[in-house]
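Keep the structure open beside you as you read.

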Amino acid sequence: MRLVDTQHVERLRTLATAIRRRDLQMVYDAKLGHIGGDFSDIDILVALYFSVLRVDPNKPNNPDRDRFILSKGHSAGALYTTLAYRGFIPLDELNTFAQPLSRLNGHPDRKKVPGVETNTGPLGHGLPVAVGCAVAAKIDGAAWRTFVLTGDGELQEGSNWEAALSAAHYKLDNLTVIIDRNGLQQGDFTERTMHLDPLAEKWRAFGWSVREVNGHDYAALLDVFDQLPFEWGRPNCIIAHTHKGQGVSFMRDRPAWHHRVPNAEEYAQALQELDAQGGEHGSAL
Amino acid sequence: MAQLYDCRDAFAAALEEIATNDLRICAVVNDSVGSSKVANFGKRFPDRLINVGIAEQTMVGLAAGLANSGKIPFVCAASPFLTGRALEQIKADVAYADANVKLAGMSPGLAYGELGPTHHSIEDLAWTRSIANMTVIVPADPLETDQAIRAAAEHHGPVFLRIGRMPVPMVHDDDHRFEIGKAACLRDGRDITLIAAGTMVSRALQAADLLVAEGVQARVLNMATIRPLDTDAVLAAAVETGGIVTVEEHTIYGGLGGAVAEAVVVKHLVPMRILGVPGIFAPTGSAEWLLEHFGLTAQGIRDAALELVQAKV
Ligand SMILES: Cc1ncc(C[n+]2csc(CCOP(=O)(O)OP(=O)(O)O)c2C)c(N)n1
Ligand SMILES: [Mg+2]
C-alpha cells in the first residue's frame, strides 16, 4: 500500500465538492440532467483525472494518452464539469450545457468535446469500445491504458458480458473497468429490478482480476489504481461501492434523484450542504 | 390555446383497461416503468408486469416467448432502445416467427431533445417498416392512441406503435374510428395534399389554415398506419390534388415520406416534398427547438406546400 499523501487527498476532496457544486448549478440552470448518477461517480472521475490518467488537456488527441470512456453517458454533467476543471474545455462553456447548438449535449459526443473518447448514452456500449482500444494498444505494443466507467444497472445489458469474455480472451491487462456500484438504476434498486449479486464472483468467473473499494474514499481509490495491473494477463475490474446522490443528504440513495431536477428550495439546500463541505473554495484550486 | 396531451397517458389507461378484461395482456419493460407510465399497471397486475432490467434484446425475445405461449405482450420502452437495440429480435423472433408481440416505442422522434441523437428515435419507422409481416402505427392524439392500442391487441401478429410524449392537441372528433391501414381525411382540398403522422398532424392542419390565405385549399391526411400503407388514399391524393407534401418526426429517408413516394412512383407520379430530419444527427437543442430548426412547424409545412403548388403550375 502506498503512503497516502493526506494533503493531496484533501485537495481532491475539495475539488470534488467544487465539481459537485458546479454540476448541480449546471443541471439546475438547464433544468435537465442526471444529478444522482453524477454525484455517485464524481469522486471516481476526480481520482482518475487528477491522479491516474496520463492525459494532457493541451493535446487531447495525443496518441499515447490513456483512454477514459464514460459508458454511463447519462453522467455527462459530471464528465463535462470534470473536463472543464481539468482544462479540456473552458469553465464558462458549462453555462451552455444543453442549450441550442452547444457542444455540451445531454450525452457526450467525441466529435464535439475534447477529451471524450466515444459517444455514449445507450447503456452497454462503453466496454466493447474500450476492449477495442485496449486491443489496439496491444497490437502496437503501446504503454497507454484504457479505463471505462459503467453503471451497475447498466451491467444488465448483455453486451457487457460479451465484451468481458473478449477482454479476458485477449488477456487485456491494460484495460480497467470501474463499476459505479450504487445499487440503484432508473426506477428502483438494482437488486429489486434484476439481481446483479454476487457481482465480484461473476467478473472473476469471466476471467477478470477484481478489487472492491469504497468509491468515495480517495486514499482507497488511489491505492487500488496504484496496483494496476492487478495480475499480468488479466483485465482489471474495480467494483466501486458508491452512493447515488453522494454529497447531498436528501438525494443520497434515493431512486427519485436519478434524473430529477431540484426546485429552487432544494437547490438552495443542496448548495448549502455542499458549501458546508468546502465547495465554494474548490474553484480557487 | 387548445389543451395539449401526452399520448403515453392514453396508452397506459387503454392498456390497463384491456388488461382488466383480457388476462393474456402483459407489459414487458426495461427499467422503464416510469417513462412508460406502467407503474399503475404493475400495481394492479403485478404478475403481468415483467421488468427485465436494462436489457432490450432479452425484453423483446422474452416477449416473443410469452406470445408463443398464449400471452399478448406489450413491450413498453423508449423507442430508440426498443427498435435500435433489439432490431434483430424484432425481425427474427417477432416478425419472421410471427409472434403476437406488440411493440410500443415510447417518446419517439425528437422527444428527448437535449438528450441528443442517441436518444432521438428518427429511424424507427424506416427500420420497422422494412421488415416483412410488421404493422406500423403512429397515433396522432390520445383518442387515436386509445383506439390503436385496442386495435393492436385485437390484431393477430406483430405491431409496432409509436407512443408520443410531445404534447399534442386533439385532432380527431369523438366519432373518429381508427382502422389499421386506413388514412383519415381530416380536411378536404383540391390543390395539394399534406400527409402527416403523429405529432405532425396538428401542425399540418394549422398549415392548411395558413394556406387558405394564399388561396390554396389543402387536403390533410392523417396517415396513422405507415405499414400497410393506405395506397388508395395516396393514389386519390395524387390524382385529385396533383402534389403531395409528407411531414414526419423522422429522418426523410425510409419513413412516411419514403412509403408515400414508393406508392406515388408506382401508381401515379406527382411532385412531392418530404419534410423531416434531413439525414443528419441533430445538434443540441430541446425537442421544440429542434422541430423549429428542421422546419417541422405549421409555417415550415406551409412554405413547402406553397412552393410545391407554385412549381406545379
Ligand atoms: C440501452 C438503454 N436502455 C435504457 C436507457 C435509459 N436509462 C438511462 S440511465 C438508466 C439507469 C442506469 O442505471 P445505472 O447504470 O445503475 O446508472 P446510475 O445508477 O449510475 O445512474 C436507464 C435505464 C438507456 N440510456 N440506454
Ligand atoms: Mg446504478
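A few ground rules come before the tour. This is a predicted model, in which local features need pLDDT of at least 70, side-chain atom pairs count only at pLDDT 80 or more, and totals for chains, interfaces and linings use all residues. Residues are numbered from 1 along each chain as its sequence is written, chains are lettered from A and ligands numbered from 1 in the order in which they are written, and side-chain values use heavy atoms, with hydrogens and water left out.

Let's begin with the open spaces. Rolling a probe the size of a water molecule over the atoms shows where empty space is left. Here the search runs on a 1 Å grid over the protein atoms alone: a pocket is an open set of points with protein on both sides within 12 Å along at least five of seven lines, a cavity is a set of points where a 1.4 Å probe fits but cannot get out, and lining residues have an atom within 4 Å of a point. Grid points are joined across faces, edges and corners, and a volume is the space filled by probe spheres set on the points.

The largest pocket holds about 930 Å³ of space. Which residues lie nearest its centre? They are A:His34, A:Gln186, A:His258, A:His259 and B:His119, out of 48 lining residues. Sorted by class, that lining has 14 nonpolar, 21 polar and 13 charged residues. For this sorting, Ala, Val, Leu, Ile, Met, Phe, Trp, Tyr, Cys and Pro count as nonpolar, Asp, Glu, Lys and Arg as charged, and the others, Gly among them, as polar.

The second largest pocket has a volume of about 460 Å³. Its lining has 21 residues, with A:Pro122, B:Pro117, B:Thr118, B:Glu123 and B:Phe281 nearest the centre. Helix α4 (residues 79-85) of chain B gives the most to this lining, with four residues. Helices (H or I, at least four residues) and strands (E, at least two) are DSSP runs, numbered from the N terminus. The class count for this second pocket is eight nonpolar, nine polar and four charged.

The structure holds four cavities of 30 Å³ or more, and the largest cavity has a volume of about 120 Å³. It is lined by 16 residues, and B:Pro108, B:Val138, B:Gly164, B:Gly198 and B:Thr199 lie nearest its centre. Nine of the lining residues are nonpolar, four polar and three charged. Where does the largest cavity lie? It lies between domain 1 (7-163) and domain 2 (184-312) of chain B, because both give residues to its lining. Those domain bounds come from an automatic or database domain assignment.

The second largest cavity has about 60 Å³ of space. Residues including A:Tyr49, A:Arg65, A:Phe88 and A:Glu117 line it, and its lining divides into six nonpolar, one polar and four charged.

Next stop, the metal. The magnesium ion (ligand 2) has A:Asp152 (OD), A:Asn182 (OD1) and A:Leu184 (O) as its protein donors, lying 2.1 to 2.2 Å from it. A:Asp152 sits in the loop between β2 (146-151) and α5 (158-169) of chain A, and A:Leu184 in the loop between β3 (175-181) and α6 (190-193) of chain A, so the pair ties together parts that are 32 residues apart in sequence. Donors are N, O and S atoms within 2.8 Å of the metal (3.2 Å for Na, K and Ca); water is not among the atoms, so sites may look incomplete. A:Asp152 and A:Leu184 are both buried, where buried means under 20% relative accessible area, exposed over 50% and partly exposed in between (1.4 Å probe, protein chains only).

The peptide bond from A:Leu228 to A:Pro229 is cis, with omega near -15°, and so is the one from B:Arg227 to B:Pro228, with omega near -5°. A:Asp253 has a positive phi of about 65° although it is not a glycine.
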